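Good morning. Please look at the model first.

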Amino acid sequence: MTSPETTLSSPAEPPQGPAAVADRRRWFALAIVMTAAFMDLVDVTIVNIAIPSIQRDEGASFSQIQWITAGYALAFAAGLITGGRLGDIHGRKRLFLVGIGGFTIASALCGFAANPEMLVASRILQGGMAALMVPQVLSIVHATFPAHERGKVFGLFGAIVGLGAVSGPLLGALLTEWNLFGLEWRPIFLINLPVGIAALILGRRFISESKAPKALKLDLVGVALVTLGLLMLLYPLTRGRELGWPLWGYASMGGALLVFATLVAYERRKAARDGSPLVELSLFKVKSFAAGIAVQTVFGVGLGIFFLVWTLYMQVGLGWSPLRAGLTGVPFSIAVSAAAGMSVQLLVPRFGRKVLQAGALIMAAGVLLYIWESERYGLSIASWQMALPLVVMGAGMGFIVAPLTDAVLSEVPREHSGSASGLINTVQQMGNALGLGLVSVVFFGEVGDRLTPAQVGPAFVNGFQHALGWVVAVMVAIFLLMFALPKRPAQHVEGAEDAAVGEQESANLAEGAPVSGSEPALMG
């Protein structure tokens with residue numbers, strides 16, 4: 001049997017025997033969890049493009065249409081932290097498989113919904129299942145890959161984020177216009193079935209189980225407070241404009257702050273009493289995590305404003321078809337994917353935090369260019385004229401999304417990776433919801449309610465330019481907040497040490513021993 005010392009003396013040789021099997025298993029596992037992440041990202045955006053078809057086919061009211069999109073977001077945001085903690089307690093692989101199985105069933109229920117009420121209920125179930133599935137993606141990556149490899153993995157994750165965010169509308173437009181088998185909009189949900197079933201089967205085989213090293217209990221009071229606080233904040237934001245921004249909505253959002261304050265006090269006592277809080281407040285003592293969470297929240301606000309306003313601008317203001325609007329976003333998607341991979345693998349190891357700050361400024365420059373072109377060309381603007389600002393914006397976004405995830409999780413202890421992942425996704429959803437709420441002010445406030453057909457186009461162009469001015473302000477705020485991030489993520493500062501740890505883990509695997517740290521070996 002080869003000794004660890006012999007294995008370490010020739011690190012250039014590829015892994016042999018059990019180590020090689022484990023190496024292959026983890027990359028298969030990565031492909032599976034990335035596919036699930038892509039499903040969720042696409043599902044968030046794919047519905048918007050098919051809303052007119054759903055409304056026409058089902059006779060849904062405006063309120064029901066709103067809840068088809070908002071129900072998913074509310075269930076998703078409210079369950080994310082709980083989903084992350086359940087993965088820590090019961091096993092991330094187990095919760096991932098439960099989540100993706102439930103997500104697939106909910107997709108089938110959406111696709112075969114007999115009426116708008118059933119569709120709304122199925123979308124809420126789908127969001128709840130996504131809340132079980134999505135936090136496990138980053139947790140499995142964090143527990144499966146050593147620190148010196150996570151940069152490459154998060155680069156791939158950033159590329160998937162960019163691809164999913166823009167390909168959703170394009171895929172939705174194609175499936176709706178093709179009207180496969182006369183099913184109208186239903187294939188946008190049914191397409192999840194073969195993907196989900198394949199991920200479920202392969203996930204059982206290739207994903208290795210991991211959980212927190214010490215026994216934890218689910219904090220039911222914490223679950224109730226998180227869910228109540230998020231609903232009190234997000235429900236008025238989602239329905240405020242439709243209801244004319246009633247007083248109870250403002251009272252609810254103000255009350256949400258009191259609920260979150262109560263949550264913090266309770267979780268602090270819970271941690272001191274039995275060490276099993278739902279929200280691990282000690283994470284916020286990690287500077288990189290606390291600063292990254294703040295940046296993630298504000299970044300979510302900017303994206304929430306941009307993507308909704310952009311869709312309305314193209315389809316309502318310019319009168320473009322869903323397919324043309326979807327195709328127009330392709331350069332943006334390609335730029336995000338390319339820049340995300342480049343930033344983590346090439347730029348961040350050399351320049352650190354400056355890459356993220358450059359991304360914020362580049363994205364702001366792309367938005368300013370988009371405002372200028374929209375003003376110059378007005379209603380006659382063409383898709384190819386939008387390509388340059390979209391490429392610049394996409395490059396800036398790519399420089400942010402992948403390194404930011406890396407920076408937030410770089411110093412988080414492995415035993416809290418589920419909670420950390422849940423918090424990251426939750427604050428991103430909260431930021432998006434805040435951005436969507438602000439659309440009523442920064443966009444619809446400029447557009448107005450009573451427009452003649454001749455006024456719609458110019459009003460939407462003007463509203464688009466005004467809303468993008470707010471996006472520029474958000475990017476500048478992100479640039480300033482990023483000064484609180486560490487200059488370099490921990491794995492890049494300690495690259496030599498991490499490489500040595502990685503080699504030692506390979507040697508341990510070759511010997512059939514568990515890897516270092518609290519997580520089990522991948523062969524498990």
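A polar contact is a pair of N or O atoms within 3.5 Å; within protein, one must be able to donate a hydrogen and the other to accept it, and residues adjacent in sequence count only if both atoms are side-chain atoms. This is a predicted model, where local features need pLDDT of at least 70, side-chain atom pairs count only at pLDDT 80 or more, and totals for chains, interfaces and linings use all residues. Residues are numbered from 1 along each chain as its sequence is written, and side-chain values use heavy atoms, with hydrogens and water left out.

Helices here are DSSP runs (H or I, at least four residues), numbered from the N terminus. At the start of α5, a side-chain oxygen of asparagine 115 comes to within 3.2 Å of the backbone nitrogen of glutamate 117. Is α5 buried or exposed? Of its 29 residues, 23 are buried, so α5 is largely enclosed by the rest of the structure. Buried means under 20% relative accessible area, exposed over 50%, and partly exposed in between (1.4 Å probe, protein chains only).

Now the rings. Rings of Phe, Tyr and Trp (its six-membered ring) pair if their centres lie within 6.5 Å; planes under 30 degrees apart count as stacked, over 60 as edge-to-face and the rest as tilted. There are 17 aromatic pairs in the structure. In one, tryptophan 310 and phenylalanine 332 have ring centres 6.1 Å apart and planes at 55°, so this pair is tilted. Tryptophan 310 sits in helix α11 and phenylalanine 332 in helix α13, 22 residues apart. Tryptophan 310 is buried, at 5% relative accessible area, and phenylalanine 332 is buried at 1%.

Methods: Helices (H or I, at least four residues) and strands (E, at least two) are DSSP runs, numbered from the N terminus.
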